[in-house]
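Dear colleague,

Please find the structure below. My notes on it follow.

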Amino acid sequence: MAPELSALTCAVLLQVVAIGIAGAQMNRELGPRYNAGPRDQTVDMSPRLGRLRRAVTNGFEGLAMFAPLVLILVLAGKTSSLTATAAWIYVAARVLYIPAYGLGLAPWRSLIWLAGLIATLTLAGVALFGPGPL
């Protein structure tokens with residue numbers, strides 16, 4: 001499997017972990033009944049739970065850009081050591097981003113997010129302008 005696809009698989013699994021972390025925090029704060037219910041009522045939650053839920057949302061937003069770019073690169077035969085490195089930087093940034101956001105570590109959260117975005121933009125640049133298959 002291409003390293004970029006391995007990174008994509010790890011990014012998806014990391015997103016599942018982020019959902020689990022936020023869900024566990026929600027169970028602790030609001031109880032499993034609320035967490036398993038329809039969540040129709042607005043409830044007060046701790047700043048940490050709010051940050052963890054936003055980190056999950058941000059993870060989906062990141063994957064919406066990262067995943068198609070990885071697939072485009074692999075299908076177009078444009079993978080390289082640069083794209084593999086960028087893909088793994090994206091994953092590493094997500095690994096650091098979740099706790100940084102959950103703990104409210106400013107400005108580190110934003111800098112970590114920026115590293116993931118630059119990695120994603122690197123993939124886009126190679127997809128558009130990089131050399132084709134050798």
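Buried here means under 20% relative accessible area, with exposed over 50% and partly exposed in between (1.4 Å probe, protein chains only). This is a predicted model, in which local features need pLDDT of at least 70 and side-chain atom pairs count only at pLDDT 80 or more, while totals for chains, interfaces and linings use all residues. Residues are numbered from 1 along each chain as its sequence is written, and side-chain values use heavy atoms, with hydrogens and water left out.

Helices are DSSP runs of H or I, at least four residues, numbered from the N terminus. In α1 (residues 3–30), the buried residues are Glu4, Ala7, Leu8, Ala11, Leu14, Gln15, Ala18, Ala22, Gly23, Gln25 and Met26. They pack against α2 (32–36), α3 and α4 (81–102), contact being heavy atoms within 4.5 Å. The expected span of a helix is 1.5 Å times one less than its number of residues; for the 28 residues of α1 that gives 40 Å, which agrees with the 40 Å between its end C-alpha atoms. Just after α1, Gly31 has a positive phi of about 90°.

Helix α3 covers residues 47–76. Its 30 residues reach 43 Å from first C-alpha to last, close to the expected 44 Å. There is a bend of about 30° at Leu63, taken as the angle between axes fitted to the seven residues ending there and the seven starting there.

Arg51 lies in α3. Arg51 is buried but has no salt bridge (a side-chain nitrogen of Lys or Arg within 4 Å of a carboxyl oxygen of Asp or Glu). The nearest side chain of opposite charge, Glu29, is 8.6 Å away, with Lys and Arg counted as positive, Asp and Glu as negative, and His and the chain ends not counted. Leaving aside residues up to four places away in sequence, Arg51 touches Tyr101, Gly102, Leu103 and Gly104.

Regards

Note on methods:
Helix = DSSP H or I, 4+ residues; strand = E, 2+ residues; numbered from the N terminus.
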